[in-house]
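Morning, everyone. Let's go through the packing and the rings in this one. Here it is on the screen.

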Amino acid sequence: MKRFGMLAIAAALLLGSAIGASAATEVKMVGDAFVYGTFNANQNFTGWSTGTWDNNSGAYTGAGTQTEDRFQIWERFRLRTDFVANEAVKFRLGIKVQDTWGHGTFTAANPTTAVEVYQAFLQFKLPDCNVEVTAGLQDFSLPANAFFTDSVIYGGDRAAALVINAPLIDDTLSVIASYARMLDKNRTFDTTTTQVADEFDLYTLALPITVEGFKATPYGAIGVAGRDANYFTAGSYGPNSTFADSLLSAGTFLTPTGMRNAQNAYWWAGGTFEVTALDPVKFYADVIYGAGNQGDRKKDSREGWFIDLGAEYTGWDVLTPQVFAWWSTGEDKSTRNGSERMPSIMTNWGPGNSFLFDGSQELLKQGNMGVNPIGSNGIGASLNNISFIEKLTNRLTFVYLRGNNSASAIRYLNTYMGSNPYFTMGRDLTTNEYIIGANLDATYQIYENLAAVLETGWAHGDFQTSVWGHRLADKARQGDAWKVAFGLTYKF
């Protein structure tokens with residue numbers, strides 16, 4: 001019976017809270033359950049593992065040390081419970097169980113139960129006004145267009161944060177301010193009597209503006225990055241990636257390694273735009289500039305641009321045609337002068353549910369190739385919401401992209417470090433490399449809350465032997481990457 005212990009305790013706590021507070025508190029529960037199988041061939045374009053960071057000191061293991069297991073069955077259950085005192089005050093607790101069949105929680109006979117708290121926040125409105133305050137572990141993203149899924153800087157995940165949303169003009173203008181502690185390696189006490197800067201904090205300010213036919217959200221963000229925070233072990237976009245890949249420059253790994261300053265500033269300034277004045281033709285765009293470590297050694301600095309543009313026609317009932325493009329600055333030939341790629345924290349960006357990017361895949365695990373949109377440029381088209389049969393919808397997406405990074409810069413670091421996690425073949429592209437990807441997805445609504453979901457993907461890449469070496473580049477030429485994922489989703 002021990003295998004049900006943690007789940008039973010969690011259920012008892014929820015039930016006890018509901019009974020004890022029933023007179024004054026309304027309890028609302030929603031959630032979802034996913035069960036799906038996924039077949040992947042040639043993950044990471046090789047069928048082998050990418051490079052990984054072994055610890056926060058920067059030790060690493062190169063690519064190609066493990067081989068893929070092509071078929072997995074994943075199961076995820078999430079339960080979100082709101083304890084509502086009144087229309088102005090509530091607390092949200094969200095728990096999640098997620099693993100593959102035969103592993104961890106879903107091991108036969110002797111499972112290791114793992115219940116994860118993924119939401120825990122207090123939300124309330126200030127008395128006699130509509131200013132809303134949310135404090136705790138919550139869904140957290142920088143402003144972005146839903147057309148591109150979420151933010152290329154930070155999106156699609158959670159953070160322990162304080163968020164204040166204050167309407168200034170009803171339905172027209174508001175201000176959203178936030179503070180999030182993203183990382184705190186040592187928590188209450190540092191490991192010795194010498195204090196170290198082991199935190200990474202993020203401050204944001206946004207001004208959503210809505211008028212007839214037009215929406216815009218100018219925003220800014222400032223990150224305070226401590227030198228000793230756990231960037232190498234905190235997760236970021238895509239497979240086997242960390243905050244170190246997203247925030248640091250390649251020059252950080254050259255002698256003298258690491259950052260000189262105890263703390264450095266990162267900052268981003270940008271805007272999201274949506275034009276619906278020509279409805280049913282709609283336009284979407286993001287323009288962002290970001291920089292970091294500019295007060296440190298030149299080799300440790302990082303700065304750059306990211307721009308995307310999309311359009312769709314929503315005038316047809318049977319499908320929605322979409323086109324999109326993006327461009328981002330990439331590395332120049334020198335590693336000693338810092339990075340020319342825009343820093344990010346955790347990218348969640350991908351138009352058209354593209355198989356290439358960590359975006360909006362519903363069957364998420366092993367669901368994409370983890371290609372980095374920063375440091376690349378590309379175009380694509382999608383036929384979305386295809387519906388010729390009742391209850392059945394489909395999506396077909398095609399994407400072509402090339403790298404904006406100098407081959408010399410990536411080759412230099414690969415020669416200096418050997419195969420490493422900072423630059424990954426198939427994720428970071430040189431100007432001489434390209435990737436083509438396509439995906440066909442389908443959803444059949446069996447009942448109102450129960451659906452059968454199919455997601456397929458294909459990707460072909462051309463990679464330089466002189467940059468990545470014969471072993472990886474030759475293996476990528478032996479076959480294209482593809483996936484087939486099928487499963488059931490229940491939302492209640």
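Is Tyr-416 buried, partly exposed or exposed? It is partly exposed, because its relative accessible area is 39%, and buried would need under 20%. Keep in mind that this is a predicted model.

Tyr-416 has a partner. Tyr-412 pairs with Tyr-416, and the pair is stacked. The centres are 6.5 Å apart, with 15 degrees between the planes. Both tyrosines lie in helix α3, four residues apart, about one turn of the helix. Tyr-412 is partly exposed too, at 37% relative accessible area.

Now the core. The largest nonpolar core holds 70 residues. Met-182, Tyr-231 and Trp-268 have the most contacts inside it. Helix α3, residues 407-417, gives the most to this core: four residues. There is also a second, separate core of six residues. Phe-34, Tyr-36, Leu-363 and Val-453 are among them.

Next, the rings. The structure has 27 aromatic pairs. Take Phe-147 and Phe-324. Their ring centres are 6.5 Å apart and their planes sit at 70 degrees, so this pair is edge-to-face. Phe-147 is in the loop between β7 and β8, while Phe-324 is in strand β16, so the pair ties together parts 177 residues apart in sequence. Both phenylalanines are buried. They also belong to one aromatic cluster, along with residues including Tyr-284, Trp-326 and Trp-349.

Last, charges over rings. The charged end of Lys-96 sits over the ring of Tyr-118, 5.7 Å from the centre. For Lys-475, the ring is that of Trp-48, and the distance to its centre is 5.1 Å.

Terms used
Residues numbered from 1 in each chain as written. Predicted model: local features only at pLDDT ≥ 70, side-chain atom pairs only at ≥ 80, totals over all residues. Heavy atoms only, no water. Core = buried A, V, L, I, M, F, W, Y, C linked by side-chain atoms within 4.5 Å. Buried < 20%, exposed > 50% of the residue type's maximum accessible area, 1.4 Å probe, protein only. Helix = DSSP H or I, 4+ residues; strand = E, 2+ residues; numbered from the N terminus. Phe/Tyr/Trp six-rings, centres within 6.5 Å; stacked < 30°, edge-to-face > 60°. Lys NZ or Arg CZ within 6 Å of the ring centre and 35° of its normal.
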